[in-house]
Amino acid sequence: MLHAPGLSAYNFTFDNWGADPGTSIGTSVVPGASNAEGTWTQIASSANIAQDVYWLYLLISGGNTSAAAKPQIMDIGVDPAGGTSYVAIISNLVMGATPFVNGVGLVENIFPFFIKAGSSVAVRIQGANATAGTVRVAARFFGQPSRPEAVPVGSFSQTFGTITNSNGQSFTPGNAADGAWVDLGAVSAPLWWWQVGWQIDNGTITAEYTYIEVAFGDATNKHSIFKIMHMGTTGESVGGSLQTQLLMCAAYKPVPAGAHIYIRGRCLNAPDTGYNATVIGIGG
């Protein structure tokens with residue numbers, strides 16, 4: 001796990017991991033079922049966010065069920081007044097079928113997003129399966145940087161990719177070859193930090209490895225932002241076995257307004273059907 005993002009020491013941190021390590025790390029969240037949106041579940045109170053936050057790390061786990069398709073999308077909400085009237089700062093992050101932390105592959109994201117001291121933070125999850133189950137959301141917040149001028153921090157986000165029920169934008173990885181680029185949409189305002197969420201809407205997931213690459217550009221020219229490596233398991237879980245998107249050098253890429261964001265995949269063999277994703281860009 002990445003504990004000290006940015007070129008600075010962090011004199012304030014808070015996490016909701018719990019006192020004892022194990023598969024119950026973080027907060028239990030109940031998704032909405034049958035493509036309904038779940039209720040907001042608090043992961044940090046106003047008392048917990050005692051200082052301004054510059055970075056937010058998330059580990060999502062425990063959402064998969066054997067022999068069942070479990071597509072899910074998540075919003076991250078903040079109430080600056082410390083109450084329960086949350087406004088989403090990040091919307092429709094694809095994150096379904098996550099393994100437990102003792103399983104193979106993890107789903108991790110990190111966002112350089114400013115959250116004011118005294119705010120409360122919550123998540124809500126929409127799921128496609130009629131049996132909602134539960135998801136564990138572990139978070140760590142970073143604040144009070146020793147060198148604020150060295151810490152990039154954003155104030156808005158944009159989600160790329162069409163949402164259909166609880167799925168993001170569909171794409172088809174190639175079989176031992178790069179698949180076709182899929183256009184996720186145009187950048188509305190300049191963005192500089194990138195994360196991807198992906199899943200497989202399939203009740204039978206195989207043990208396969210897949211590169212997932214995100215790029216910006218136009219119909220003719222593409223510039224890679226980062227590439228991660230997905231690992232599926234026969235327990236119908238989806239996780240990252242090579243999380244290069246968590247590294248500063250990979251996830252930081254200034255992209256101008258008007259450019260388009262693209263995604264493609266390359267599987268080790270014939271890919272499972274049902275790959276879909278959203279890409280989150282941070283700006284400000």
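Two strands pair if DSSP finds at least two bridges between them. Strands themselves are DSSP runs (E, at least two residues), numbered from the N terminus. The model shown is predicted: local features need pLDDT of at least 70, side-chain atom pairs count only at pLDDT 80 or more, and totals for chains, interfaces and linings use all residues. Residues are numbered from 1 along each chain as its sequence is written, and side-chain values use heavy atoms, with hydrogens and water left out.

**View 1. Strand β16 pairs with strand β20.**
β16 and β20 (residues 260–267) are antiparallel. Eight bridges join them. Phe216 stands opposite Ile261 in β20.

**View 2. A hairpin links β16 and β17.**
β17 covers residues 222–233 and runs antiparallel to β16. Nine bridges hold the pairing. Here Tyr209 faces Met231 of β17.

**View 3. Strand β16 is largely enclosed by the rest of the structure.**
The strand spans residues 209–217. Seven of its nine residues are buried, so the strand is largely enclosed. Buried means under 20% relative accessible area, exposed over 50%, and partly exposed in between (1.4 Å probe, protein chains only).

**View 4. Thr172 sits in a loop.**
The loop lies between β12 (169–170) and β13 (174–175). Thr172 counts as exposed because its relative accessibility is 58%. Thr172 touches Gly179 and Ala180, leaving aside residues up to four places away in sequence. Contact here means heavy atoms within 4.5 Å.

**View 5. Thr172 and Ile200 are shown together.**
In sequence they are 28 residues apart. In space, the C-alpha to C-alpha separation of Thr172 and Ile200 is 11 Å.

Methods:
Helices (H or I, at least four residues) and strands (E, at least two) are DSSP runs, numbered from the N terminus.
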